[in-house]
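Hi everyone, thanks for coming. Let me put the structure up on the screen, and then we can walk through a few local details together.

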Amino acid sequence: MLETIIDFLNGLLWGKLLVYALVGAGVYFTLGLKLIQLTEFKHSIHLMRISRSKAGDGLSSFQVFCTSMAARVGAGNMAGVAVAIGAGGPGAVFWMWLIAMLGMATAMIEGTLAQIYKVRDDDGEFRGGPAYYMERGLGQRWMGILFSILLIIAFGLVFSAVQANTISSAISSIYNVGDLWTGIIIVIATAFVIMGGMRKVAKVSELLVPIMAVAYILVAFVIVFMNLPELPRIFMLVIKSAFGWQEVAAGGVAYAVAQAMQAGIARGLFSNEAGMGSAANIAASATPNPNHPASQGYVQMIGVFIDTIVICTATAAIILLAGDIPAGKDGIAVTIEALNTHIGGYGSLFFAFAILLFCFTSIIANYSYAETNILFIAKHGKLWVNLLKVAVLGMVMFGSLAKISLVWNLADVAMGLMAIVNLTALLLLSGIAFKVIKDYRQQVKSGVEPEFDPSKFPELSKELNDDIWQPTSNNSVKESI
């Protein structure tokens, strides 16, 4: 009965609503920002490179970037790509690319709004995200509470189960270790990190995320180099499958395209989270460099690119270059089998290392998102935060033991509902986001270090925290876009 309800909701959300909503919003933001993900890509890289420094309290933009990447890079990049190819064929990869390119503009809007409407909590740390810009920007606290509840369910609970499920499935496939023992170890490690609070989560992410991403990409590049003559064929296979060209003779073009789109967009969103509103929660925690809300939007935009265009493409190349995978393989097992095809037994050893880092860091970053939203609902919610920690650990154990299809389908429903609520808020607040981003671009083009001056935005006077956005009178020359 439960699976039937979940399947119905997934069909409604992903078959009808979100495919159009995500693409439509992405196109609107891309045009409104004048193709910012293409024209100012170099500037985004520059900001990420200098973002290790911070200008005051809070986390550095680089720590925030790594924490958001910790949440993004995980099961979606390894198991999710395999699930997408299995459900929608190789063409699903094309739709993952498309939704990522459009999603970069959406992430720019999310990151900027999260910074504009952030607040300080009782410990002096910055908090923010969709719930906060729904309450402060739209004046709709009920909407923020609804989003917070959905995010707590999705990231704090369901997605943590997804990541744990991926770890236990991988360890079971490689080493034949019981899921129960794997689950116990993951629970202990997770408890050690999340009991240390946001700063400990950020420090662990800052250390592990660059290591795991670089190592995984290097292995993928080696595999691609080993199979260079096959690349043109694989690329054409992706394009033909995306538009149903190879199904023309069988008369199943429309169905094939629909399947590829649904699988690619769903798995793409799960992986890069653009439009879902999740990464905006940690984006608000940064002390941006330069001192302007838009600078964190640029950094978040690069996160989407690296997650999907780089890392998901690496996984797709590993799988598609391996040829036909034996029947009976599902999810993460497909990626493991593909790696073994390319590099033998070393593939399993490397993958065990990679999946532990990718998915474990996702669990702890997901927790940080849920904690921010617990504190939105209950302003002084230390008790609720502690209860959340216990619930997260429980879901980690549940995910380690659960059936894979049920866990993934639950994740689809949760993130679909989140995305609908968040996209509504983004569209309603897009006017102020465009204006703030335009202000940043004008300052850069005039050759000065961008700085946010609240007096330029009288419409924000009631929503801004004066103690957060204080001009620094920094007029140093800035590299132009």
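I'll talk about aromatic rings and then about a loop.

Before that, some ground rules: this is a predicted model, where local features need pLDDT of at least 70, side-chain atom pairs count only at pLDDT 80 or more, and totals for chains, interfaces and linings use all residues. Residues are numbered from 1 along each chain as its sequence is written, and side-chain values use heavy atoms, with hydrogens and water left out.

So, how many aromatic pairs does a search of the whole structure find? The search gives 10. Rings of Phe, Tyr and Trp (its six-membered ring) pair if their centres lie within 6.5 Å; planes under 30 degrees apart count as stacked, over 60 as edge-to-face and the rest as tilted. One of the pairs is Phe155 with Phe159, edge-to-face, at 4.5 Å centre to centre and 65° between the planes. Both sit in helix α8 (residues 141-175), four residues apart, so about one helical turn separates them. Helices here are DSSP runs (H or I, at least four residues), numbered from the N terminus.

Phe155 is buried at 0% relative accessible area, and Phe159 is buried at 3%. Buried means under 20%, exposed over 50%, and partly exposed in between (1.4 Å probe, protein chains only).

Elsewhere, Tyr28, Phe29 and Phe434 make up one aromatic cluster.

Now the loop between α1 (2-32) and α2 (36-39), where we find Lys34. Lys34 is not a glycine, yet its phi is positive, about 55°. Lys34 is exposed, at 62%. Leu35 lies in the loop between α1 and α2 too, and has a positive phi of about 55°. Leu35 is partly exposed, at 38%.

Terms used
Helices (H or I, at least four residues) and strands (E, at least two) are DSSP runs, numbered from the N terminus.
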